[in-house]
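Have the structure open while you read.

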Amino acid sequence: MDSTKIIEVELISKSFAGKETPAVKNLSFTIKKNEAFGLLGPNGAGKTTTISMLCGLFNPNSGSVKVNGFDLRTDLDKVKHQIGVVPQDIALYPTLTGRENLEFYGAMYGVPKQKLKLEIEHWLNKLEMAVSANKRVETYSGGMKRRINLIAGILHKPELLFLDEPTVGVDVQSRAAIMSHLKDLNDAGMTIIYTSHHLEEAEKFCSDVAIIDAGEIIARGKPTDLVTSHEGCRDLEDVFLKLTNVKMRD
Amino acid sequence: MRRLIAAMKKEVLLLIRDKIGLSILFIMPMVLITVMTLIQDAAFSNINEEGVPVVFINNDQDTLGNRIEAGLKQAEMVKFFDEIDGKKATPESAMEAIKQGKFLVGIVIPEGATEAVEDNVLNIVAESMGMEEEGVELETKTAEVRLIIDPVASKSFVISISSQLREYISSVKTQIMFETFKGEIASLLPEEPEEKESKYAGKQVILYNQEYASALVGEIAPSAVQHNVPAWTIFSLFFIVIPLVGSIMREKTEGSVFRFHTIPASYLLQSNAKVLVYVGVCMVQFVLMLLIGLFLMPVLGMDRLILGNSYVGLFVIALASSMAATGYGVLVGALAATQQQGAILGSLSILVLSALGGIWVPTYVMPDIMRSISHFSPLNWALDGFYGLFLRGEGLTEILPHVGLLVAFFVACIAVATAINKSKRKV
């Protein structure tokens with residue numbers, strides 16, 4: 001095992017019943033530790049399917065995934081201890097307060113009680129949620145929900161954090177705050193795997209990106225390298241449109 | 001353990017914060033049990049205390065008609081009328097009044113009914129004493145007693161009133177026969193016997209005693225409370241399926257399940273926490289239902305619920321019923337794809353299982369095939385267990401087979417639900 005690699009994906013494919021084309025086709029890639037890796041692609045490209053397989057939500061039909069050297073099929077529980085997941089949906093209980101949600105998820109991750117209390121206070125303060133922490137989630141704005149959703153995924157300080165569209169539907173201020181703290185986490189050594197439609201955001205945040213379309217990786221590299229290697233492209237969005245076509249997707 | 005406690009705390013908080021859900025869980029069952037018991041008690045007492053309205057037309061005006069009239073006037077289940085709107089009832093006016101729902105049954109004794117009975121008796125006497133002419137068959141008169149029935153009258157009531165009528169007719173016939181024989185025998189004696197009342201005639205020789213096959217002898221008289229409180233309690237316990245399925249489906253649709261599957265704690269732990277909390281809710285529901293039977297029913301003029309001899313048995317059957325109900329909820333939650341689907345599947349299946357289980361009507365009145373099917377309803381197992389304790393005075397040992405079935409049902413539901421959830425994740 002290469003100790004610098006945290007993710008090793010080898011020829012994974014996934015098809016769903018009733019769908020003619022596979023969601024993911026023979027995907028292979030590795031991600032280094034401490035990377036901020038962006039998985040970018042249009043709707044239906046296979047981003048969420050790939051992330052779901054990487055965090056063990058379901059198995060690929062073929063191929064293998066190793067997380068920090070542990071095979072997902074045989075060592076799923078060990079993998080789960082090392083990862084944090086921030087799903088695209090707000091996976092919070094609307095009638096519980098922000099703090100109650102965090103206490104619940106922290107306990108589920110097995111964070112010791114005292115440590116959990118400190119972690120919750122730390123993150124509530126950092127993401128400016130301390131004042132609203134005792135209000136029910138159902139009363140929060142979209143941005144506030146996203147911030148609590150993020151905290152719920154990092155309370156146990158995972159080595160590897162999966163973020164599926166963490167800033168979708170939030171205002172500019174909340175988005176800036178979320179991305180700034182994600183940058184801090186990454187700087188502190190946490191590997192982040194991130195999907196987004198905000199290509200400008202991804203360009204700034206990610207140290208490595210892969211553009212996926214129709215279940216296959218069509219480009220991979222540092223954002224700046226991708227821009228320079230594609231003629232006529234000024235930024236990552238131009239590269240993305242050039243590679244995935246301007247035609248709208250369902 | 002800390003994870004389990006945290007998951008249970010979350011479930012309790014979710015329940016407490018859901019005011020509508022709480023009212024469904026606690027207030028609705030309490031209202032249901034009170035209303036249903038009151039209605040059924042009223043239906044029961046209507047027949048036994050006030051009596052069912054019966055209009056009687058005595059065109060015979062002789063022994064048979066008068067005997068039936070006297071009998072009906074004394075019968076507890078009958079409220080006797082021989083007038084309609086202040087006028088003497090006729091077959092036509094009775095038919096019209098019954099159509100309008102003023103009476104449940106009308107009885108018309110035709111003119112000459114007693115004469116027909118007497119005639120028949122005389123023929124029997126003549127035949128048995130060899131007094132009929134050889135080769136000549138005596139003419140037999142007939143009289144038709146009419147029973148006019150409101151179609152809404154229950155079949156059991158109609159059967160009951162018909163058998164009472166037959167009993168009156170038979171007793172009048174016997175009396176006439178006895179008197180005729182007595183007269184004939186007297187005419188054969190050399191000396192006319194002294195006319196005196198027989199000291200044996202009115203003597204009751206066949207005594208009638210009604211007793212319940214129950215260990216609670218002297219303590220219980222089966223009543224609407226004793227029957228309905230356990231039946232509707234079980235029905236309410238199984239309706240835990242609705243809020244439970246709602247809770248499961250919300251977690252599925254709101255994305256919590258997604259996060260659960262990435263947490264290093266098994267989903268079974270989440271499921272177990274849910275089961276433990278909802279079983280606890282069922283037990284609280286159960287206690288509230290018993291309190292209604294013990295304290296509210298007497299205030300409303302009904303009998304007080306008698307809990308039987310085994311509190312341990314009561315706790316065990318309540319726990320097993322709660323587990324079965326909760327397990328079924330988990331299974332419906334696993335089967336359903338949406339919250340709506342879960343609510344419909346849960347509520348309709350509980351209605352079917354409760355109907356089959358004898359909650360609505362006793363299983364002994366069901367056709368054979370339905371009675372056989374009823375043995376597969378967990379509500380039937382629970383009801384039988386409760387009846388064992390509340391009505392037959394049984395103890396824990398006697399109800400253990402029911403407890404075993406309910407626990408097995410719970411285990412099977414959880415196992416199937418787990419398998420379904422696993423297979424859905426493999427898709």
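**The sheet in chain B**

Chain B has an open four-stranded sheet, ordered β2-β1-β5-β6, and its pairing is mixed. Keep in mind that this is a predicted model.

- The edge positions go to β2 (78–81) and β6 (146–149) of chain B; each has a single partner strand, so one side of each lacks a neighbour in the sheet.
- On average, neighbouring strands here are turned by 25° against each other, ignoring direction.
- Strand β1 (residues 52–58) of chain B runs parallel to β2(B), and four bridges join the two.
- If you want a spot to look at, B:Val55 has B:Phe81 in β2(B) as its bridge partner.

**Helices on the sheet**

- Helix α3 (residues 63–74) of chain B packs on the sheet and touches β1, β2 and β5 (105–109) of chain B. The direction of α3 makes about 165° with that of β1(B).
- Helix α4 (residues 91–99) of chain B also packs on the sheet, touching β1, β5 and β6 of chain B. Its direction makes about 170° with that of β5(B).

**The α7–α14 pair**

- Elsewhere in the chain listing, helix α7 (residues 224–238) of chain B packs against helix α14 (residues 378–390) of chain B at about 145°, and their axes are 10 Å apart.
- The crossing of α7(B) past α14(B) is right-handed.
- From α7(B), the contact takes in B:Gln226, B:Pro230, B:Ala231, B:Ile234 and B:Phe238. Facing them from α14(B) are B:Leu379, B:Ala382, B:Leu383, B:Phe386, B:Tyr387 and B:Phe390.

Conventions:
Residues are numbered from 1 along each chain as its sequence is written. Chains are lettered from A and ligands numbered from 1 in the order in which they are written. This is a predicted model: local features need pLDDT of at least 70, side-chain atom pairs count only at pLDDT 80 or more; totals for chains, interfaces and linings use all residues. Axes are lines fitted to C-alpha atoms, for helices over the stretch in contact, and angles run from 0 to 180 degrees between N-to-C directions. A crossing is left-handed if the near helix is turned anticlockwise from the far one by less than a right angle, and right-handed if clockwise. Two residues are in contact if their C-beta atoms, placed from the backbone, lie within 7 Å. Two strands pair if DSSP finds at least two bridges between them.
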